[in-house]
Amino acid sequence: MTPKHIPVLIVGAGFAGLTAALMISRRGIPCIAVERRATLSSHPRAHGLNLRSLELFRQIPGLEEDLHRVSRAAPEDWTILIAETVTGPPIKFLSRPGVRPPPVSPSVMCSAGQNRVEPVLLRHARELGAEVFFSTELASFTQSENGVRAVLRDTTSKDETLVTADYLIAGDGSGSAIRKSLGVAMEGPGVMSHAVSILFEADLTAAMAGRGFFLCYLRNAEFTGAFVSCDDPNQGQLNVEYNPEHESAADFDVSRCKRVVRAALGQPDLELRILDVIPWKMSAVVADRMRVGRVFLAGDAAHIMPPVGGLAGQAAIQDAVDLAWKISMTLDGDADPALLDTYELERRPVAQLAIARATENYVERLRQDRADLSSALGRENLLDVAMSYRYRSQAISLEEPDDGLPTDDTLHPSGKPGTRLAHVSLTRGEASISTHDLVGPGFVLLAGPSGTAWTRAADVLTRGGAPLTAFRVGSDLLDHDGSFLTWTGLEPAGALLVRPDGFIAWRSVGDRDGHTALLAEAMARALCIDSQNNSKFDRSG
């Protein structure tokens with residue numbers, strides 16, 4: 001059998017797999033994604049896309065708009081509270097409609113459920129050239145220094161296809177067979193509770209009370225859980241914990257589920273129909289390795305966290321985005337393969353941070369009796385954990401001394417290397433844009449009003465083949481309120497280098513001698529090109 005070669009093979013078509021297929025294809029790299037299920041899941045599962053994920057999706061024309069289009073709730077029409085029952089008096093409000101968040105992003109939160117989001121990601125990925133096959137499983141694989149050799153099996157016909165790939169992305173979920181076959185262990189507190197997710201159909205007029213998106217954490221004497229509204233107006237999702245020492249998921253038959261739903265909603269006579277019941281375990285674990293040779297773990301295959309606070313799905317998306325640009329630039333020859341080592345170095349600490357914060361959310365919102373699960377890391381500000389986690393690796397030109405903090409301040413960004421580029425409203429030509437609208441396939445140099453020497457240096461590197469685009473505020477871009485320098489920490493003659501994922505790789509706060517050499521060195525470091533070859537893009541001499 002002659003194998004088919006594909007640069008990137010992706011296993012799994014959830015958030016991680018579909019995002020990887022989308023972002024890799026967008027960069028012109030052929031890829032195949034396979035999913036053993038016959039179709040995408042109809043269960044809403046994870047709800048909502050946060051600002052950080054949507055900023056990344058802005059790179060795909062029309063995608064952000066399409067995601068908002070499939071959400072029943074209007075942007076910012078969010079109600080999140082804690083109560084004994086859905087229709088009972090609130091114990092505490094966590095979010096109310098009409099309360100506008102601080103202007104930290106060009107994006108607006110989207111409340112669409114995973115069953116609505118995944119079809120949109122799939123459609124855009126295929127439009128960009130990704131091949132996505134359902135009813136197809138990874139039967140076996142081996143890897144060597146030169147690549148991956150995999151056998152794909154059609155789950156219906158049992159026909160097998162041999163493929164070779166440069167890299168394999170494992171997005172095959174919490175029970176990842178790929179992770180297990182590689183002997184990768186999971187570390188952390190482990191299973192914290194057992195639960196069932198009940199999808200039901202009913203007249204939810206009283207429960208919703210005119211709300212758009214509604215999430216109600218339930219502190220009830222009889223059960224602990226959460227009610228979540230769905231994009232289908234007459235559907236609701238109820239997650240309920242149970243004690244495995246006294247019962248099992250099998251005890252939640254149709255009759256039991258109806259009783260629990262009625263009790264949770266506080267409507268004992270509600271007519272309803274049970275559509276689906278999925279048992280699951282709430283866990284907090286992270287893989288001890290996220291890369292083994294040419295195989296990379298992403299999403300739930302790499303980390304599992306409590307679904308309290310919406311961080312799990314976002315971590316999967318952001319894993320995939322990180323992998324996409326690094327693998328693509330490596331395959332294109334712009335980066336040294338050593339860049340791929342930074343995936344685990346950067347993303348694993350972020351996963352640990354998200355797990356700790358999600359666990360703290362679980363304790364604060366649902367299980368105040370489980371203070372034993374709390375940690376100092378988990379008490380980091382939720383907005384900063386979601387938006388402003390920090391990266392540290394050999395691809396980041398860290399400034400000394402490094403404060404070692406796990407997050408930046410989202411409301412007062414520092415502009416330090418390893419932090420997310422601040423959202424600043426600018427004007428480009430006749431258009432109003434965000435700094436994040438400048439982030440794209442390559443690197444971006446943003447220079448201050450007196451930073452002409454830096455943009456000239458960037459032009460030299462670009463002519464030498466560097467994947468770099470440069471802009472100077474005050475010329476190419478207009479900053480009407482002067483906030484660009486404030487939120488980047490730059491002086492007027494300074495500049496910063498932004499990666500394709502919107503993170504700052506390097507910064508010169510002010511002017512310095514040897515602009516071209518310094519920028520060439522920064523680019524080489526960001527792409528993990530050997531220091532002896534740091535003039536790769538410098539053609540000035």
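Here is a friendly question-and-answer walk through this predicted model.

Student: At roughly what angle do the axes of helix H1 and helix H8 cross?
Tutor: Let's start with the packing of two helices, H1 (residues 15–26) and H8 (residues 312–332). H1 passes H8 in a right-handed crossing. Their axes come within 8 Å, and the crossing angle is roughly 30 degrees.

Student: How many residues of the contact of H1 with H8 are nonpolar?
Tutor: On the H1 side, the contact includes Phe 15, Ala 16 and Met 23, while H8 brings residues including Gly 313, Ile 317 and Val 321. Gly counts as polar here. Sorted by class, the contact has no charged residues and three polar ones, and the number of nonpolar ones is ten.

Student: Which element gives the most residues to the largest nonpolar core?
Tutor: That core has 68 residues, and among those touching the most other members are Leu 9, Ile 24, Phe 141 and Ile 178. Ile 178, for its part, touches residues including Val 11, Leu 138, Phe 141 and Val 295. The top contributor to the core supplies eight residues, and that element is H1.

Student: How many residues are in the second, separate core?
Tutor: Its members include Leu 215, Ala 312, Val 350 and Ala 354. Nonpolar side chains tend to be buried together in soluble globular proteins. The size of this second core is 33 residues.

Student: Which strands are the edge strands of the eight-stranded open sheet?
Tutor: Read the order, E5-E4-E12-E13-E14-E11-E15-E18, in which the pairing is mixed. E4 (residues 78–83) runs antiparallel to E5, joined by four bridges, and Leu 81 has Phe 93 in E5 as its bridge partner. Pairing on one side only is what marks the edge strands, which are E5 (90–95) and E18 (303–304).

Student: Which helix packs on this sheet?
Tutor: Look for a helix that touches E4, E5, E11, E12, E14, E15 and E18. Its direction makes about 125 degrees with that of E15. The helix, spanning residues 342–365, is H9.

Student: Why is one side of E22 and of E24 left without a neighbour in the sheet?
Tutor: This open sheet has four strands in the order E22-E21-E23-E24. E22 and E21 pair in the parallel sense over five bridges, with Val 444 opposite Thr 469 in E22. E22 and E24 stand at the edges, so each has a single partner strand.

Student: At about what angle does helix H11 run to E22?
Tutor: H11 (residues 452–463) lies across E21, E22, E23 and E24. From one strand to the next, the sheet's twist averages 15 degrees. The angle of H11 to E22 is about 160 degrees.

Terms used
Residues numbered from 1 in each chain as written. Predicted model: local features only at pLDDT ≥ 70, side-chain atom pairs only at ≥ 80, totals over all residues. Heavy atoms only, no water. Axes fitted to C-alpha atoms, helices over the stretch in contact; angles between N-to-C directions. Left-handed = near helix turned anticlockwise from the far one by under 90°. Contact = heavy atoms within 4.5 Å. Pairing = 2+ DSSP bridges. Core = buried A, V, L, I, M, F, W, Y, C linked by side-chain atoms within 4.5 Å. Buried < 20%, exposed > 50% of the residue type's maximum accessible area, 1.4 Å probe, protein only. Lists of a residue's contacts leave out its neighbours within four places in sequence.
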